[in-house]
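Here are some friendly notes to read beside the model. They take one chain from its overall build down to a few single residues.

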Amino acid sequence: MDRSEIVEKVRQFVCTELLKKPDYALQEDEPLFSTGVIDSFAMAQIGVFIETEFELYIPDPELTVENMDTVTQITDRIIQGLQAI
Amino acid sequence: MEIYSSNYFIFVISSVFIFLLLPGKFQNLFLLLASYFFYISWDWRYAAALFILTVFNYGYAQFLEKNLAKKNPWILRAGVVVNITFWLVFLLGARAVELLNELLSQAGFSTIVFSLLLPLGFSYRVFESISYLVDIRLKLAKASKNFLDYATYMAYFPKLVSGPLERGRIFLPQLVKQAVVDDDQIKRSITLIILGLTRSIVLAGMLTVLIPRSIFIKPLDYSSTQIVFGLIIYGFYLYNQFAGYTDLMRGISGFFGIQLTRNFSTPFFSQNFSDFWRRWHISLSQWLRDYVFMPLSRSFLRRNPSRKNIPNLIIPPMVTMLVSGFWHGATLNLLLWGAINGGFILVENLLNLFVSTNPSGKVVLWRKLLGSLVVLSLALLAAIPFRLDLPTSKVYLYGIVKWNQWDLPDVRPWIVMGVSLLLDWFQFHSGDEFVFIKWSGWLKVSLVAITVAAMMVVYNLQLAPATFVYP
């Protein structure tokens with residue numbers, strides 16, 4: 001799976017499940033948590049989405065605003081995790 | 001050794017002086033000895049309990065790391081259970097001895113002469129130990145192979161009494177490398193120390209004397225207005241004392257080249273309760289988020305990924321805040337405080353199901369102000385059982401709702417609270433905790449002079465607080 005596919009899956013999940021705006025043109029570097037657009041419960045949803053979609057477990061202490069605030073950061077973390085497997 | 005005392009001042013100054021003179025290879029040993037000296041000055045039994053906890057967790061971490069490949073969850077759980085048991089023995093043991101003595105006395109037997117006190121700051125040490133073991137199991141950290149370093153982490157005196165709660169994987173690497181105390185660090189440390197003293201001695205000290213004398217003992221002797229204002233003053237007092245204390249400790253720690261976690265980030269500017277708990281007692285809130293809230297939330301979401309599933313929304317925040325209440329002290333009023341705050345987050349989660357998101361993130365000013373006001377008001381109401389036992393909490397709340405009288409407020413505490421908000425506003429608006437460093441020289445000197453003068457007034461009036469213990 002290449003980077004663009006991962007970005008698209010993450011974007012689609014965030015827009016559909018978290019923002020509830022499937023047609024929203026979410027930018028890759030648009031902050032999500034730090035601006036209060038979505039809450040910390042959504043971070044748990046992202047964690048479970050990554051487990052289900054990519055079969056990758058990201059430890060809870062790493063699911064933070066600093067690490068996972070944008071689509072870019074989430075994608076980078078997924079790629080890092082997949083390469084380590 | 002009281003924190004706000006000349007003995008502590010001499011202790012810190014001499015520790016910094018000796019530390020900076022020592023060669024690098026002796027610095028950690030010195031910090032360890034100084035930390036135990038400080039702890040023993042309170043009670044040698046505290047130091048003994050800490051040492052036992054340290055030895056156990058150091059050894060258990062080695063065992064955990066050797067068995068990382070094994071899937072048995074009890075390899076980690078056993079370590080966590082031992083830590084919690086050790087903690088509960090002290091936390092509940094004192095109360096159990098009290099109750100036993102009451103029963104013995106009623107039955108005509110002689111009472112047990114035995115005292116069991118929770119060692120100062122022990123709740124922090126237990127949570128630090130648990131996160132250390134969990135992080136090793138999750139392969140986020142390696143077990144320290146240096147007992148001296150690990151013992152220094154556990155006993156480090158700037159965080160010993162009331163935090164911040166530091167993760168081993170963040171703290172320990174700072175002990176391995178040579179301490180760096182450059183000009184930038186000195187400026188930041190001095191800024192934190194001045195801010196810390198301003199908040200904890202000047203502002204909190206003044207608010208202590210401006211809270212009506214017995215309002216938390218006999219609230220119905222006061223008008224409803226005074227009861228409400230007393231609560232507001234208490235909220236600002238608690239914030240300034242706690243935030244000031246941790247800033248002071250962070251500033252001192254900077255002189256040892258060790259960064260401690262920022263524990264408060266302008267909480268009175270929070271927009272909602274999730275935001276509030278990212279700004280208030282941050283080190284504890286993050287711990288609870290990482291080791292209670294997130295694991296629980298994910299566990300429920302794996303069974304049912306829908307956000308609208310009610311157990312997903314209710315159970316994680318309630319359990320997390322009940323744990324927080326219990327951590328603050330195993331009493332019914334603190335559990336109630338935890339439950340109320342869990343309830344606020346729960347209501348927010350439910351409301352978010354019906355409110356559409358605003359991806360632009362832009363919020364108009366009046367909504368921001370309203371949000372902050374609502375959060376502050378509800379947090380203060382929840383603080384009633386935090387401050388008072390249950391019977392007095394009921395009376396205090398009754399004193400608010402019966403609303404018998406409107407008084408003109410005393411202006412003085414509002415001036416002090418205004419200064420507190422102003423300090424916060426500078427940091428909030430600039431997004432920089434150290435914004436004060438960028439101010440002009442004459443302004444900084446003037447403010448420091450005012451602070452020193454105010455501290456002298458507070459000390460002369462014997463308003464300086466005792467060491468802040470939380471919990």
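1. A definition to start with: a residue is buried if 20 or more other C-beta atoms lie within 10 Å of its own, exposed if 12 or fewer, and partly exposed in between, with C-beta atoms placed from the backbone. By that rule B:H281 is buried, because 22 other C-beta atoms lie within 10 Å. B:H281 sits in the loop between helix 11 and helix 12 of chain B. Its phi is positive, about 45°, although B:H281 is not a glycine.

2. Some housekeeping on what you are looking at. This is a predicted model, in which local features need pLDDT of at least 70 and side-chain atom pairs count only at pLDDT 80 or more, while totals for chains, interfaces and linings use all residues. Residues are numbered from 1 along each chain as its sequence is written, and chains are lettered from A and ligands numbered from 1 in the order in which they are written.

3. The C-alpha trace of chain B spans about 65 × 65 × 60 Å along its principal axes. Of its 471 residues, 40% count as buried.

4. Chain B divides into domain 1 (6–179) and domain 2 (184–460), with bounds from an automatic or database domain assignment. Their centres, taken over C-alpha atoms, are 26 Å apart. The contact between them takes 20 residues from domain 1 of chain B and 19 residues from domain 2 of chain B, where contact means that the C-beta atoms of two residues, placed from the backbone, lie within 7 Å. On the side of domain 1 of chain B that touches domain 2 of chain B, helix 5 of chain B gives the most, with five residues. That side has 13 nonpolar, five polar and two charged residues. Here Ala, Val, Leu, Ile, Met, Phe, Trp, Tyr, Cys and Pro count as nonpolar, Asp, Glu, Lys and Arg as charged, and the others, Gly among them, as polar.

5. Within chain B, helix 10 (residues 224–254) and helix 15 (residues 365–387) pack at an angle of about 80°, their axes 10 Å apart. Axes are lines fitted to C-alpha atoms, for helices over the stretch in contact, and angles run from 0 to 180 degrees between N-to-C directions. Among the residues that meet are B:L231 and B:Y234 in helix 10 of chain B, and B:L380 and B:I384 in helix 15 of chain B.

6. B:K139, in the loop between helix 5 and helix 6 (147–155) of chain B, has a positive phi near 60° and is not a glycine. B:K139 counts as exposed, because it has 10 C-beta neighbours inside 10 Å. The peptide bond from B:G163 to B:P164 is cis, with omega near 10°. Most residues other than glycine have a negative phi, and most peptide bonds are trans.

Definitions and conventions: Helix = DSSP H or I, 4+ residues; strand = E, 2+ residues; numbered from the N terminus.
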